[in-house]
Amino acid sequence: AHQNERIYTNAPDAVYILTGLTVQTSPVRNWDLKKFRESLTALEGRVYLVWFIGVSHSYTYHLYEFNSILNLSPVARFPDGEVYMMM
């Protein structure tokens, strides 16, 4: 990731193994998504969500919940996941 980019994901270990990048864990159920969205507007640069299909836990939000608050824009699709730009 470039210095002005931030990446969130539901599988940070997988992103690290595949790319060597240290990324942020996507918000989990105890996070307020509206406040999270507000915090993103303060950032300069692009914010991405890397979503691995089949990686879900009881404490994670579902992709449709992110999309309802964060206006996800698809960037790339793969057999095992998708990349979205947030906001």
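The points below concern the sheet and the helix packed on it.

1. Basis. This is a predicted model, in which local features need pLDDT of at least 70 and side-chain atom pairs count only at pLDDT 80 or more, while totals for chains, interfaces and linings use all residues. Residues are numbered from 1 along each chain as its sequence is written, and side-chain values use heavy atoms, with hydrogens and water left out.

2. Sheet order. Five strands form an open sheet in the order E2-E1-E3-E5-E4, with mixed pairing. Strands (E, at least two residues) and helices (H or I, at least four) are DSSP runs numbered from the N terminus; two strands pair if DSSP finds at least two bridges between them. At the edges are E2 (24–25) and E4 (73–78), each pairing on one side only.

3. Neighbours of E3. Strand E1 (residues 6–9) runs parallel to E3 and is joined to it by four bridges; Tyr-8 stands opposite Leu-49. With E5 (residues 81–85), E3 pairs in the antiparallel sense over five bridges, and Trp-51 stands opposite Glu-82.

4. Burial of E3. Six of the six residues of E3 (47–52) are buried, meaning under 20% relative accessible area with a 1.4 Å probe, protein chains only. In a regular strand the side chains alternate between the two faces of the sheet. Here Val-47, Leu-49 and Trp-51 lie on one side and Tyr-48, Val-50 and Phe-52 on the other, and all are buried.

5. Five bridges pair E4 with E5 in the antiparallel sense; Phe-78 has Gly-81 in E5 as its bridge partner. Helix H3 (residues 63–70) packs on the sheet and touches E3 and E5, contact being heavy atoms within 4.5 Å. The direction of H3 makes about 165 degrees with that of E3; axes are lines fitted to C-alpha atoms, for helices over the stretch in contact, and angles run from 0 to 180 degrees between N-to-C directions.

Key. Buried < 20%, exposed > 50% of the residue type's maximum accessible area, 1.4 Å probe, protein only.
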